[in-house]
Structure formats: structure tokens, C-alpha cells
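Please consult the structure shown here while reading.

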Amino acid sequence: MAWDFETDPEYQKLLDWADEFVREELEPLDLVLHDPYDKSDPRVQAIIRPLQDRVREQGLWACHLGPELGGKGYGQVKLALLNEILGRSRWAPSVFGCQAPDSGNAEIIAHFGTESQKDLYLKPLLNGEISSCYSMTEPHGGADPTLFTTRAVKDGDEWVITGEKWFSSNAKHAAFLIVMAVSDPDVSAYEGMSMFIVPAGTLGLEIIRNVGVGGEREGSHGYVRYDGVRVPAENLLGAEGGAFVIAQTRLGGGRIHHAMRTIAQVRKAFDMMCERALSRQTRYGPLSKLQMTKEKIADSWIEMEQFRLLVLRTAWLIDKHQDYKLVRKDIAAVKAAMPKVFHDVVQRAMHLHGALGISTEMPFSAMMVGAQALAIADGPTEVHKITLARQLLREYEPVEGLWPSGHLPTRREAARARYADLLELEVGNS
């Protein structure tokens with residue numbers, strides 16, 4: 001029987017190295033460098049490249065990919081533990097070669113791309129030379145792919161893409177975009193959509209505007225128009241009609257990585273909360289002496305640890321089954337719980353900091369917006385709760401044919417039926 005909450009000693013050494021490296025080298029970068037996706041500034045690259053080389057020396061570069069692509073092929077538990085550290089710094093994922101959406105795009109090109117696509121797009125992406133974009137969501141489609149209207153029509157040796165995409169993150173810095181479009185409107189959306197690689201600068205590709213979140217005036221989430229964009233037939237990614245399967249392959253593990261990076265942010269807020277409680281003096285002494293402060297700290301630690309264990313258990317189940325479908329309800333539970341834990345802990349930390357907490361001197365306002373973004377990104381919380389409930393209720397559905405039509409047994413009836421032979425034997429002997 002294996003039931004262990006300890007990390008393998010050899011891997012723990014690597015995690016300890018990553019922890020110190022992120023704290024000493026990468027977290028300070030967040031205060032002086034702006035956008036990890038912008039590869040155009042040679043001064044920034046002169047700082048980042050040596051740091052990436054140090055990660056490679058430790059064997060921690062792009063660990064989500066297999067050895068044939070320069071990674072370690074780690075399972076979800078190892079990746080989760082590493083991402084819990086990387087989530088503390090905005091620059092850490094780029095330095096470790098696992099920055100979303102590039103990491104997910106690299107994964108699907110590795111799995112579904114042709115050799116030519118790998119040479120043109122995957123290799124420079126893995127080397128950190130370029131950035132990419134995943135262009136799926138639509139202005140009126142939201143999380144429902146059955147409402148997507150962006151079309152891809154075959155015209156000879158080309159595909160012609162027409163439509164608009166919303167919140168195509170990182171579009172303004174991307175060397176290429178992976179676009180999800182309806183290629184066969186006469187079948188189910190789950191069978192009639194395809195993915196295409198569209199190089200930046202392709203005629204007809206237009207960024208209408210870059211959208212920010214929270215207080216940002218201009219962010220990095222592109223509102224993109226595809227106006228008769230033509231790409232060669234070989235730019236089809238995977239099989240025609242296979243977009244939904246590819247998307248699920250991409251999103252399953254990504255949700256776990258996001259969750260563990262979120263835990264890092266939650267822990268940062270929790271640490272700041274405890275530091276504030278001990279350092280802020282009131283007329284009655286430090287905040288830490290007050291009962292409500294203690295309650296905030298206790299509630300936050302409990303929620304944070306509960307969520308962390310849920311995520312790690314889900315990662316373990318993915319590694320065990322190697323089938324995202326079998327872990328669908330667990331992934332949905334992680335996704336639904338994540339924004340609430342993030343919001344609640346950050347709100348408590350913000351309140352304990354008073355006016356300082358809501359100012360730009362502290363990260364809490366941005367964290368609160370981040371919590372709301374997590375409640376929408378990769379499918380809104382409501383959708384994941386419905387998925388979870390459906391999966392759970394299936395486990396309680398009666399087996400067809402065991403009971404008369406229209407009659408559901410009580411628990412007592414079911415128990416008596418199960419032990420009918422034994423009960424009759426006992427009655428006969430009494």
C-alpha cells in the first residue's frame with residue numbers, strides 16, 4: 001500500500017534549488033522588467049538567456065515535454081510541485097521554458113504537428129526565441145464552442161479563415177497564432193472544428209485592439225479579426241475536425257499548472273497577511289493579538305492547504321490513469337475551487353493592510369482581478385460546477401433493469417434486496 005506525502009529526495013533537491021533560484025534571481029526581475037512575452041529587447045534577452053542556461057544545467061527546462069524535445073517528461077505531480085514555486089514570479093515560467101500559452105502550444109504541436117511544423121514553429125518556441133498565441137475564444141461564443149462562428153473554408157491548396165476572436169492572449173507579441181475555426185458546419189461542433197497555424201503578418205490578420213484587465217489601459221489580450229486569411233493546407237494542425245480533442249489535450253494539464261501557480265500567489269498573500277499581523281501596532285498591541293485577525297489567518301491556512309491537497313491528488317490521479325476523461329470531475333473541482341480560495345485569502349490580506357492594502361503599493365488589487373480572471377479563463381466556474389455535478393450524479397444513477405419501471409428503491413429496500421437470501425436463512429433458523 002502506497003500512501004505518501006513526501007517528495008522523492010532527489011527531486012526535492014531540485015525543488016530546493018528552484019526555490020532559492022526563483023527567490024534570489026527571478027522575483028526581483030518582476031520589479032524591473034515588464035513583459036516576458038516581448039522578445040524584441042536585446043538588453044532584456046541578455047539578462048534572461050544566462051538564467052535559462054542555468055535552468056537547463058539543472059535539467060529543469062520545459063519539464064512538461066519529453067526528452068526528445070529537450071524536457072524531462074515529468075508527470076503532473078512533479079510538474080505541480082515545480083509550478084508551485086514558479087508561480088511566485090511573473091518571469092519564472094519563461095526562464096523555465098513553461099510559459100503559457102507557449103507551453104500548451106508547444107505541447108500540441110509536439111503531439112499533433114507535422115515535422116515541417118515542428119521545424120518552423122516548435123523548435124524556436126522551445127528555445128525561447130519567439131512567443132505564440134492561442135486564438136480560440138470568440139466575442140459571442142464564450143465557453144460554448146457550439147456558438148463559434150469563425151469559419152475555415154478549403155479553397156484548393158489553401159484554407160481561408162474568416163471571423164473574429166476575443167482575448168487572444170499575447171497576440172501582439174506572437175510569431176504565430178493557433179486558431180480554432182469551424183471547418184464543417186454540418187456536423188457537431190465537437191467534430192466540425194479544426195486548428196490552424198497562422199503566422200503573424202499574414203494578409204488579412206488584424207489586431208483590432210489590445211485589451212487590458214483591471215486598471216490596464218492597454219493589455220496583451222488581442223481582439224483579433226481574420227478577414228479572409230489564407231494559409232497553406234499544410235498549416236492545418238492535426239486532423240481536420242480534430243480541434244476539440246486537441247484543445248482538451250492542451251487544457252487538462254494546463255489547469256493543474258495554473259492551480260499550483262495560483263497556490264504560490266495565495267501563499268504570497270498569506271505570508272504578507274501574517275507579516276502584517278505581527279508588525280502592525282494598534283492601541284491593544286499588534287494585530288496578531290486580535291481574535292478576528294487570528295480567525296482570518298486560520299481560515300486562510302485551512303482553505304489554502306485543502307486546495308493544495310485537492311490539486312496534488314488530482315495531479316496524482318492524472319499520472320495514475322493517463323486519461324484526462326477519467327479525472328474530469330476532479331479537474332473541474334480544482335478549476336471551480338481555485339478562484340474562490342484565491343479571492344478569499346487575498347481579500348483578508350488586503351483588509352488587514354487597511355488603506356495600504358488597496359493601494360498600488362501592494363499587489364492585492366491585481367491579485368483580486370487575477371482571481372476573477374481565473375473564474376472565467378479556460379471555462380467559467382459555473383460550467384465546471386455543472387460538469388462536476390453531472391459526473392458525481394452518474395455515480396448514483398440506478399442500474400437499469402434492477403427495479404420496476406418508474407420505481408426507485410429506498411436505501412432500506414436496496415439493502416434488503418442485496419441480502420435477501422441471508423435474511424431468509426436467518427428467519428428460517430430462528
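Buried means under 20% relative accessible area, exposed means over 50%, and partly exposed lies in between (1.4 Å probe, protein chains only).

## Basis of the model

The model is predicted: local features need pLDDT of at least 70, side-chain atom pairs count only at pLDDT 80 or more, and totals for chains, interfaces and linings use all residues. Residues are numbered from 1 along each chain as its sequence is written, and side-chain values use heavy atoms, with hydrogens and water left out.

## Salt bridges

A salt bridge is a side-chain nitrogen of Lys or Arg within 4 Å of a carboxyl oxygen of Asp or Glu. The whole structure contains 23 salt bridges.

One of them joins the side chains of Arg-88 and Asp-19 at 2.7 Å, N to O. Arg-88 lies in the loop between helix 3 (76-86) and helix 4 (92-95), while Asp-19 belongs to helix 1 (residues 9-26), 69 residues apart; helices (H or I, at least four residues) and strands (E, at least two) are DSSP runs, numbered from the N terminus. Arg-88 is buried, with 16% relative accessibility, whereas Asp-19 is partly exposed at 25%. A network of salt bridges links Asp-19, Arg-23, Glu-24, Glu-27 and Arg-88.

## Strand hairpin

Strand 2 (residues 151-155) pairs with strand 3 (residues 158-169) in the antiparallel sense over 5 bridges; pairing requires that DSSP finds at least two bridges between two strands. Arg-151 stands opposite Thr-162 of strand 3. The two strands form a hairpin with 2 residues between them, and Gly-156 in the turn has a positive phi of about 65°.
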